Amino acid sequence: PGLLGTLETFRERFSRPIEAGDDRARIGLRRRVRPYILRRMKRQVASELPPLTEVVVRCEMGELQRRVYEAVRLTARRDVQQALDVETGRGATMAVLEALLRMRQACCAPALLPGESGLGAGSAKLDRMEELLVELVLEGHKALVFSQWTSLLDLAQKRLDDLGIAWCRLDGGTRDRQKVIDYFQSDEGPPIFLLSLKAGGTGVNLTAADYVLHLDPWWNPAVER
């Protein structure tokens, strides 16, 4: 106790500088905790496991989805320019973030957009997800599917139902987290686990899965990691 100071001191000396990319703070923290933390890499204790492979799967939007995206992009550009003309500071920043959010939603699935403008436009990502998951399930694999939006998980869930693929789900509304986790981990558990990044990103051990799909990138890459 006291080795790293108070919580606020730790944030000021280590947490915030490290998040900002300060190598000196990171090295300093490592030196201080090294005598108390024993770290083992996967290659040291489980050499039989294959290395992690990361693949970026690019999806080409269909014509209708592309039209929706272009409309959102042009509207976002106009709204941001107007906000920059009349506001400064937080107001302008929020306008930029809102524009980026809507463009990201249009990329994932136009049905996520407010109103009904994107309904029926389809989703290249969900189409590709279907292809990947069908292939993985047929080969006997288990997979985790992450998204920052529970509404996108709803759409993925419906796709799986239409395909007849069993799934379970963990998000902020899940009451008995451990029960759902144990079910997926069991031999009789479903092959697909749908998770929100916030609810399923920490404190969860899912060794039954050997594939992970990120339907959309998070603002902070460390959260994905």
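Visitor: What pattern does the protein chain follow, read along the sequence?

Guide: In this predicted model, the pattern is α-α-α-α-α-α-β-α-β-α-β-α-β-α. The secondary structure comes to 10 helices and 4 strands.

Visitor: Why are α4 and α5 called roughly antiparallel?

Guide: Helix α4 covers residues 63-86 and helix α5 covers residues 90-108, and they pack at an angle of about 180°. Angles over 145 degrees count as roughly antiparallel. The angle of about 180° is over that cut-off, and α4 and α5 are therefore roughly antiparallel to each other. Their axes are 9 Å apart.

Visitor: How do you know which classes of residue make up the contact of α4 with α5?

Guide: The residues of this contact divide into 14 nonpolar, 1 polar and 2 charged. Among them are Y69, V72 and A76 of α4, and V96, A99 and M103 of α5. Val, Ala, Met and Tyr count as nonpolar. Arg counts as charged, and the contact includes R73 of α4 and R102 of α5.

Visitor: What makes α1 oblique to α2?

Guide: Helix α1 (residues 7-19) and helix α2 (residues 23-33) pack at an angle of about 125°, with their axes 8 Å apart. An angle of 65 to 115 degrees would count as roughly perpendicular, and one over 145 as roughly antiparallel. The angle of about 125° falls between those ranges, so α1 is oblique to α2. The crossing of these two helices is left-handed.

Visitor: Which residues of α1 take part in that contact?

Guide: They are F10, R13, F14, P17 and I18, and they meet A25, R26, G28, L29 and R32 of α2. By class, the contact has 6 nonpolar, 1 polar and 3 charged residues. Gly counts as polar, and G28 is in the contact.

Visitor: Why is the aromatic pair of F10 and F14 called tilted?

Guide: The planes of F10 and F14 have 40° between them. Planes under 30 degrees apart count as stacked and over 60 as edge-to-face, with the rest as tilted. F10 and F14 are 4 residues apart in α1, which means about one helical turn separates them. A search of the whole structure finds 2 aromatic pairs.

Visitor: What makes α6 oblique to α7?

Guide: Helix α6 (residues 124-138) and helix α7 (residues 150-163) pack at an angle of about 50°, with their axes 11 Å apart. Angles under 35 degrees count as roughly parallel, and 65 to 115 as roughly perpendicular. The angle of about 50° lies between those ranges, so α6 is oblique to α7. This crossing is right-handed. The contact includes L126, M129 and L133 of α6 and L152, L155 and A156 of α7. It has 9 nonpolar, no polar and 3 charged residues.

Visitor: How do you know that β2 and β4 are edge strands?

Guide: The open sheet of 4 strands has the order β2-β3-β1-β4, with parallel pairing. β2 (167-170) and β4 (211-214) each pair on one side only. The twist averages 20° from one strand to the next.

Visitor: Why do β1 and β4 count as paired?

Guide: Pairing needs at least two bridges. Strand β1 (residues 143-147) is joined to β4 by 4 bridges, so the two strands count as paired.

Note on methods
Residues numbered from 1 in each chain as written. Predicted model: local features only at pLDDT ≥ 70, side-chain atom pairs only at ≥ 80, totals over all residues. Heavy atoms only, no water. Axes fitted to C-alpha atoms, helices over the stretch in contact; angles between N-to-C directions. Left-handed = near helix turned anticlockwise from the far one by under 90°. Contact = heavy atoms within 4.5 Å. Phe/Tyr/Trp six-rings, centres within 6.5 Å; stacked < 30°, edge-to-face > 60°.
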